[in-house]
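Thanks for coming. I will go through one model today, starting with a whole chain and ending with the contacts. Please have the structure open.

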Amino acid sequence: MKTVTRKVEARPEHCMGCGLCRLACQVAHSPYPQNMIKAMKTGKKPVARMTVEVSSNGTEFRSVRCINCEDPECLKICISGAISRNEETGQVTTDENRCVGCWSCVIACPEGAVFGPLEGEARAHKCDLCPQLEIPACVAICPNEALMVVEIEGVKR
Amino acid sequence: MNYVIVGGSVAAVGAIEGIRKADRQGSITVVSEEPYPNYSRPLISYYLAGKITREGMYYREPDFYARNRVKVVHDRVVRITPEHSAVLSGGQIIPADKLLLAVGGTPLLYDRLARNRDNVLGFYTLEDVEKIKSFLRPGLKVTVIGGGLVGLKATEALHRLGTSLTVVDLATRLMSGTLDLEAGLLVERHLRSAGIDFRLGVGVKAVEGNPLADKVVLGSGEELKCDLVIVAAGVTPNVDLARNAGIVTARGIVVDLHQESSMPGIFAAGDVAEAREFLSGENQVVPRLPLALEQGRVAGMNMAGCKTVYRGSLAVNSTSLLGLPVMSAGDSKSEGITAVWSDPPGYRKIVMRNGVLTGLIAVGRVERIGIIADLIRKRTLISGLEAKLLAAEVNGIDIRDIAKGA
């Protein structure tokens, strides 16, 4: 079986730490994906499913999201079976309706790529590669090509 | 090849997945006492609270067994023979080339305290929850025996359902199996502020009343009047099947790095198995759902002839108690270096041995904590860099420098 794995690849050497990717992520996952002002100013602030890391000395930046591990720790630790991996695409997805908010995936993820809010009745959010868009919102908005969509072809027996 | 799996919970699911990775043809039979498809035990508190439906309890999709061509027999295995056959309660024999014991544990304290009274219940199975539900009404007085994770999840759910709760534990702090005093107090304060009451550092002398229990008598002499008693403490591995078959057992069924017991061809996984612990390298029962899945997978692969080594049990815990996230990993109770924050309250502790991170507690502020927990798994040297691990915000770039040995 031929497989195509889609990934968002970050190129830290091109990243300026502007944070637009995080903003675009929030907007894309809000009730108003076409309208940034409305998305950010109506009701609760939408959750970003990724983040931008800045080193403590302020010189390094890195746009971080789920890297769709081959043997994901989040999947193994999930108590609700909400996390699954598509064997054809390699994509790891969270069924937010089945998530109970125990945050096991938060302590299991070596990338720190599962997001809250972690207080109250929330559920776990992670990068879903924007299934509704041709190109994930973070990649589309990046002004410096520090984010790229890569497709890796493989064969699974 | 005939595979027989005794037990139908998470370790069994892992084993099925492991076997099918290596062998698509062999016949798999699961013998399970519980009359439901596999479900996730830690979800019972969420089901009780009404956060998920009964359908949402399933750990794998309902067609999981069918898709993996697994035959399920709802029965009890009373004996296993040296030829790996499983003998059912009616005497029927299921022959196996490879057999897995994934039979979990039994809440022994519950058995001792309940004595056939309908309103003294455990908190272990879906059936326990259905029974608890039949007693529910607002203002119901409930005593929960056990202030560990299971007891507190039961408490959280029952609090949401409008009952009045007192939690009793012999230990002087909550979640004494994984948390230190500081973290335990944070959890206790949080739950007290919601109106939940505690009696800590005191044991239970007796549960009195007949035919229904009406009070819990404590070691101090205090009597707690109640309408319902939940016993959520003291689960012991079900080693009898193995022991009677002459297999080496200690607290659990002792297994090697392939999850194989002292009797070739018979494997064990999950809450019943005593497998290698990650930090000490010694065999230990570490009853945790993800470890049961992983042990099951390793057992399954090896049963199907694909040599796989278990990487070792690392206890990782995470939960949310009335909105407060509480996490720990590894050797979390030992002395360590701590950081405390207020508004919102947070606590973090890192534990080191020989300069390597071996334990972690995080309460309240837990964003991206997995970046730190991962260093335990990677046995990363962190001496001299403790401050970076205790910074209020977990900084991925800084910590990756640590991991690289910067």
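Let me start with chain B. A compact globule of 406 residues would have a radius of gyration near 22 Å, and chain B agrees because its value is 22 Å. That radius is taken over C-alpha atoms, and the globule rule is 2.2 Å times the number of residues to the power 0.38.

Before going on: this is a predicted model, in which local features need pLDDT of at least 70 and side-chain atom pairs count only at pLDDT 80 or more, while totals for chains, interfaces and linings use all residues. Residues are numbered from 1 along each chain as its sequence is written, and chains are lettered from A and ligands numbered from 1 in the order in which they are written.

The C-alpha trace of chain B spans about 65 × 60 × 35 Å along its principal axes. Chain B holds 12 helices and 26 strands; these are DSSP runs numbered from the N terminus, helices being H or I with at least four residues and strands E with at least two. Of the 406 residues in chain B, 49% are buried, meaning that 20 or more other C-beta atoms, placed from the backbone, lie within 10 Å of the residue's own.

Now one helix pair. In chain B, helix H1 (residues 10–22) packs against helix H9 (residues 289–303) at an angle of about 35°, and their axes are 6 Å apart. Axes are lines fitted to C-alpha atoms over the stretch in contact, and angles run from 0 to 180 degrees between N-to-C directions. Residues making this contact include B:Gly14 and B:Gly18 of H1(B), and B:Gly296 and B:Gly300 of H9(B). Contact here means C-beta atoms, placed from the backbone, within 7 Å. By class, the residues of this contact are 15 nonpolar, five polar and four charged. Ala, Val, Leu, Ile, Met, Phe, Trp, Tyr, Cys and Pro count as nonpolar, Asp, Glu, Lys and Arg as charged, and the others, Gly among them, as polar.

Last, chain A. Which domains is chain A divided into? Domain 1 is 1–65 + 129–157 and domain 2 is 67–126, with bounds from an automatic or database domain assignment. Their centres, over C-alpha atoms, are separated by 17 Å. Domain 1 of chain A puts 13 residues into the contact and domain 2 puts in 14. On the domain 1 side, strand S1 (residues 2–10) of chain A gives the most, five residues.

Key:
Contact = placed C-beta atoms within 7 Å. Buried ≥ 20, exposed ≤ 12 C-beta atoms within 10 Å, placed from the backbone.
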